[in-house]
Amino acid sequence: MNRKFLSQLTLSLVIGGMGLLNVMSSAEAQQKVSKQLTFQQKEQLYELLTQGKEYIDNGDLNNALNAYRQASSIDDTNARIFSGMGFLYASNGDFSASARAYRRAVSLEPDNASFYGALGYTLAKNGEEAEAIQAYGRALELQPRNVEYHLALGVLSLRNGQHEAVERHYQEIVSLNATNETAYDMMATSLYQQGKYEGAIALLTEAINKFPTNTDLQVKLATAYFQQGDAAEGLKKLESLHVNHLSDANVILKMAMLYEQNEDWEMALSAYRRASSLDPNSVVAHGSIARVLERQGNNIMAIVAYRQFIEVAPQNPYGYHRLGMLLKERSRNEEAATMLKKAEEIYQQRGDVASAQEIKEILK
């Protein structure tokens, strides 16, 4: 599977939210309270849930979670309480605990599609993709026309190379919502991964006609032309995009990589610089600027660029290594030795014996 291309998708499991944001109001939760609770327990439960709702409204998720935990100890049969806990755990990035809470919620309300959708989301975020697919599958059984569940399953299928499933979910999505940009992105990526470049180009062209402002789709169309071997058409597509007018650093980085692949150094350098201005901490952008400058033979500016690269990536040996070599070429031997020794040290820490040995030979 072409992971590099897939990683460029802005899908990020677009599956976020499904059921996660449906944290109950205190009144709704109160209506769900078990009949067996005493009047005092019901009052205590209502107070805790009201407090929890207030904490959420104020952005205090930790105290909200404590309130919901206490509420669950009073009524452990209320699925909405566990759903609320699942949301709060997920908001704090604890997807393992979130999944446990949502599992409890679906066990109490097995016909609630939102709970299964939220469970699928947390499982996917926790790396448990097989179980996530099962959870989303159940959500889709309960709500077969839910576009978000189809999209989630399509993305997970794409990640696992299940291209027939991707196409099936794509067809369902566009039949339900023909303006879903991510569905076209997903399907084009599936075709791309299978080496079906003509199909990917046709679909991306159709998608761009529908969504002319989606620059990511346009970059992917250029990429497909490059992979098909039609560099001239790929460059033509890129030229229709004005780098300086774009604001998405990731999109610009992809453009820069395509220019570099085609050895259009000036355009690549311009794009990498634009990306670094939008994202000053981008390791890829800074490293690429230095690399392209060195490739052009502009070693003085490359030295400056490698120093900037080291500032944003102090534990990356590449910057020290190349900077050391350029300084050595200019007979700045003391500085060069310092940089090369640092590169050797990091290579050794990483267990890269061959590179460390290469530095040792240079320093002799």
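**Exercise 1. Determine how H7 and H8 pack in this predicted model: which hand does the crossing have, and how are the two helices oriented to each other?**

Solution. The crossing of H7 and H8 is left-handed. For the orientation, take the axes of H7, residues 113–125, and H8: they approach to within 8 Å and cross at roughly 160°. Angles over 145 degrees count as roughly antiparallel. H7 and H8 are therefore roughly antiparallel to each other.

Next, list the residues that meet. H7 contributes Ala 113, Tyr 116, Gly 117, Leu 119, Gly 120, Tyr 121, Leu 123 and Ala 124. From H8 come Glu 131, Ala 132, Ala 135, Tyr 136, Arg 138, Ala 139 and Leu 142. Sorted by class, the contact of H7 with H8 holds 11 nonpolar, two polar and two charged residues.

**Exercise 2. Follow H8 to its contact with H9 and describe that pair by angle, hand and residues.**

Solution. H8 spans residues 129–142 and H9 spans residues 147–159. Their axes come within 9 Å and cross at roughly 155°. This angle makes H8 roughly antiparallel to H9. The H8–H9 crossing is left-handed.

On the H8 side the contact is made by Glu 129, Ala 132, Ile 133, Tyr 136, Gly 137, Ala 139 and Leu 140. On the H9 side the residues are Tyr 149, His 150, Ala 152, Leu 153, Leu 156 and Arg 159. The class count for the contact of H8 with H9 is nine nonpolar, two polar and two charged residues.

Now compare the lists for H8.

**Exercise 3. Describe the packing of H20 and H21, and state which residues make the contact.**

Solution. Begin with the axes. Those of H20 (residues 333–350) and H21 (residues 353–363) come within 8 Å, with a crossing angle of roughly 155°. That angle makes H20 roughly antiparallel to H21. H20 passes H21 in a left-handed crossing.

The H20 residues in the contact are Ala 337, Leu 340, Lys 341, Ala 343, Glu 344, Tyr 347 and Gln 348. H21 supplies Ser 355, Ala 356, Ile 359, Lys 360, Ile 362 and Leu 363. In the contact of H20 with H21, eight residues are nonpolar, two polar and three charged.

**Exercise 4. Relate the annotated segments to the secondary structure of the model.**

Solution. Residues 79–112 are 79% helix and 0% strand, with end C-alpha atoms 10 Å apart. Residues 181–214 are 79% helix and 0% strand, and their end C-alpha atoms lie 8 Å apart.

The unreviewed entry also carries the annotation "domain: Cytochrome c-type biogenesis protein H TPR" for residues 103–213. That stretch is 78% helix and 0% strand, and its end C-alpha atoms are 40 Å apart.

**Exercise 5. Is the protein as a whole spread out or compact?**

Solution. The protein has 21 helices and zero strands. Its radius of gyration is 26 Å, well over the 21 Å that the globule rule gives for 364 residues, so the protein is more spread out than a compact globule. Along the principal axes, its C-alpha atoms fill a box of roughly 85 × 50 × 35 Å.

Key
Residues are numbered from 1 along each chain as its sequence is written. This is a predicted model: local features need pLDDT of at least 70, side-chain atom pairs count only at pLDDT 80 or more; totals for chains, interfaces and linings use all residues. Side-chain values use heavy atoms; hydrogens and water are left out. UniProt positions are given in the numbering used here, feature names are shortened, and annotations may be inferred rather than shown by experiment. Helices (H or I, at least four residues) and strands (E, at least two) are DSSP runs, numbered from the N terminus. Axes are lines fitted to C-alpha atoms, for helices over the stretch in contact, and angles run from 0 to 180 degrees between N-to-C directions. Angles under 35 degrees count as roughly parallel, over 145 as roughly antiparallel, 65 to 115 as roughly perpendicular and the rest as oblique. A crossing is left-handed if the near helix is turned anticlockwise from the far one by less than a right angle, and right-handed if clockwise. Contact means heavy atoms within 4.5 Å. Ala, Val, Leu, Ile, Met, Phe, Trp, Tyr, Cys and Pro count as nonpolar, Asp, Glu, Lys and Arg as charged, and the others, Gly among them, as polar. The radius of gyration is taken over C-alpha atoms; the globule rule is 2.2 Å times the number of residues to the power 0.38.
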